[in-house]
Amino acid sequence: MAKRSELGVTPQSEDFSAWYNELVLKAELADRGPVRGTMVLRPYGYRLWELVQAELDGRIKATGHENAYFPMLIPESHLRREAEHVEGFAPELAVVTHAGGHDLEEPLVVRPTSETVIGELFARWISSYRDLPLLMNQWANVVRWELRPRLLLRTTEFLWQEGHTAHASAEEAAAEVLTATRFYEEVARDCAAISVITGDKTPRERFAGADRTVTLEAMMRDGRALQAGTSHDLGTNFARAFDIDFTNAEGAVELCHTTSWGMSSRLIGGIVMAHGDDSGLVLPPVLAPFQVVVVPIGREGELAGVLEAARSLALDLAAAGIRVKVDERDHVSPGFKFNEWELRGVPVRIELGPRDLAASKATVAERLAQGREQVPLADVVPDMPARLDRIQQALLERSKRFREERTFSVESWGGLVEAVSVGFASALHCGTEECERRIQDETTATPRCIPWDAPEETGPCAACGKPSAYGRRVIFARAY
RNA sequence: CGGGGAGUGGCGCAGCUUGGUUAGCGCGCCUGCUUUGGGAGCAGGAGGCCGCGGGUUCGAAUCCCGCCUCCCCGACCA
């Protein structure tokens with residue numbers, strides 16, 4: 001039966017954290033690098049990231065943004081120009097002080113994000129209102145020294161996309177933040193099948209140097225929150241610090257309004273924790289490196305015919321645009337393969353053996369629903385797109401239901417404490433930093449966002465009883 | 001930085017308390033045969049400076065001192 005040592009993982013209910021750590025390694029998504037906190041994305045995990053990238057990149061380009069690449073090393077003095085920004089990042093910086101065999105005159109910071117370099121270049125490139133808006137994006141790695149790393153979720157180096165734009169007016173910048181937020185929602189919902197809550201960050205939780213930060217918060221299967229994407233309205237803060245200005249149509253010089261927005265490889269960790277179960281990963285079909293795996297079954301003598309049928313089926317599936325793999329390994333048993341592909345979260349498994357072929361059928365098993373069914377061979381390919389789509393929808397539904405069932409409207413301190421121990425608390429809040437801090441200190445929960453879709457509401461703060469701020473409820477949760 | 005745990009073939013571990021043969025087990029790996037519809041079986045085989053440095057001792061994986069690294073839990077964060 002179960003041999004946890006090789007393919008099995010600790011059950012979620014027993015130890016969610018151990019479940020996650022074991023799964024990421026055993027499913028071969030990622031591994032640890034030689035430097036503490038660094039991460040290797042293995043081919044399976046990287047493929048997942050590439051699929052996220054493709055979805056995101058298409059949306060970024062479709063909304064008029066262009067990709068570019070900016071350098072990883074930033075002069076330390078540059079970072080200092082925006083006061084709040086440095087302050088926010090100072091503890092996490094990796095600094096190069098020695099290079100080319102000498103101590104450097106000025107230390108170089110390995111980018112924790114690129115607002116400062118890009119700001120510098122934007123200032124050079126923008127002079128007229130005709131140069132605006134400037135809509136740019138880069139795919140890059142960034143380094144933030146993490147005290148407590150976790151694979152995919154919090155590593156010292158990670159991959160992301162960072163959009164940076166400059167606009168002539170505050171209104172345009174505000175609209176840009178919404179544009180970015182919209183495609184993050186699409187990627188989370190329509191690709192990752194993760195239901196998210198979109199809203200504003202409270203002042204204390206805002207990005208260092210931003211006037212406004214919008215976030216997408218997802219719920220993991222342990223009830224904790226994960227920020228799936230974020231976009232910032234930087235106002236004129238960086239424009240002022242980096243002299244990003246332009247001459248308007250009337251001949252007057254004005255500061256630009258800039259934005260930045262990012263989604264990172266952390267989303268992969270989010271997919272693991274939003275959908276996975278005790279058997280392993282459950283990948284959404286849209287992003288699964290393999291949407292279908294075909295496992296040929298047969299004894300010697302029968303196997304040649306089975307393999308031929310399996311390959312032919314796979315070719316037809318591939319021709320229909322489906323990512324498919326035939327597991328032709330002959331040194332592991334079919335049973336082993338079933339378990340392994342379940343661990344790796346492949347949405348659909350097709351078992352093909354002599355019995356199936358004799359009946360002109362295939363045995364189809366879905367990862368999410370478990371269970372098996374016999375499908376006429378001729379129907380397998382034509383039915384597959386709808387099947388994958390149905391699975392995708394079911395996953396999203398489950399994600400949504402799970403979050404809703406674990407989100408509680410609370411009116412008191414006790415209610416808040418109880419709610420954040422299992423999920424999200426929706427509460428009126430006074431909006432003071434002291435109260436936020438007290439909640440964090442005593443429950444480890446933080447305000448995740450002020451949801452856009454929450455109805456207007458006022459009343460006493462659930463934590464301290466003072467009058468509420470924001471005009472609506474705030475979501476509190478423990479977060480990754 | 002605080003608290004906890006661990007470093008022994010590729011992986012997971014035992015051995016250490018109470019020093020003493022050739023350092024053992026499971027998994028994986030290699031070869032052969034038999035197998036193949038939910039983690040295959042048998043036989044044979046390869047693979048170890050027991051984290052590093054010092055010390056005690058006739059003798060150290062085991063005892064003592066120092067150091068390093070990793071993991072988990074908390075404080076900072078996409």
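Author: A sheet and its surroundings

Strand β18 (residues 361–366) pairs with β19 in the antiparallel sense, over six bridges; strands pair if DSSP finds at least two bridges between them. Within this pairing, Glu 366 stands opposite Gln 370 of β19. The model is predicted: local features need pLDDT of at least 70, side-chain atom pairs count only at pLDDT 80 or more, and totals for chains, interfaces and linings use all residues. Residues are numbered from 1 along each chain as its sequence is written, chains are lettered from A and ligands numbered from 1 in written order, and side-chain values use heavy atoms, without hydrogens or water.

The two strands belong to an open sheet of five strands, in the order β16-β15-β17-β18-β19, with mixed pairing. At its edges stand β16 (324–326) and β19 (370–376); each has a single partner strand, so one side of each is left without a neighbour in the sheet. On average, neighbouring strands of this sheet are turned by 25° against each other, direction ignored. Strands are DSSP runs of E, at least two residues, and helices are runs of H or I, at least four, numbered from the N terminus.

Helix α12 (residues 377–405) lies across β15 (292–296), β17, β18 and β19. The helix runs at about 145° to β19, where axes are fitted to C-alpha atoms (for helices over the stretch in contact) and angles run from 0 to 180 degrees between N-to-C directions.

The surroundings also include RNA strand B. This RNA strand is surrounded by 43 residues, the closest being Leu 7, Arg 148, Arg 266, Ser 333 and Asp 356; a residue counts as near if one of its heavy atoms lies within 4 Å. Of the atoms of RNA strand B within 4 Å of the protein, 45% belong to sugar or phosphate, and the rest belong to bases.

Several arginines can be followed atom by atom. A polar side-chain atom of Arg 148 lies 2.3 Å from a phosphate oxygen of RNA strand B, and for Arg 299 the distance from a polar side-chain atom to a phosphate oxygen of this RNA strand is 3.0 Å. The side chain of Arg 372 has an N or O atom 2.4 Å from a base nitrogen of RNA strand B. Two or more residues are given to the surface near RNA strand B by α1 (16–26), β11 (225–233), α10 (334–343), β17 (348–352) and α11 (354–358). Among these, α10 gives the most, with six residues.

An open sheet of three strands has the order β4-β6-β5, with antiparallel pairing. Its edges are β4 (73–75) and β5 (94–99), each with a single partner strand, so one side of each is left without a neighbour in the sheet. From one strand to the next, the twist averages 45°. Five bridges join β5 to β6 (residues 102–110), and these strands run antiparallel. Ala 94 has Val 110 of β6 as its bridge partner.

Methods:
A polar contact is a pair of N or O atoms within 3.5 Å; within protein, one must be able to donate a hydrogen and the other to accept it, and residues adjacent in sequence count only if both atoms are side-chain atoms. Contact means heavy atoms within 4.5 Å.
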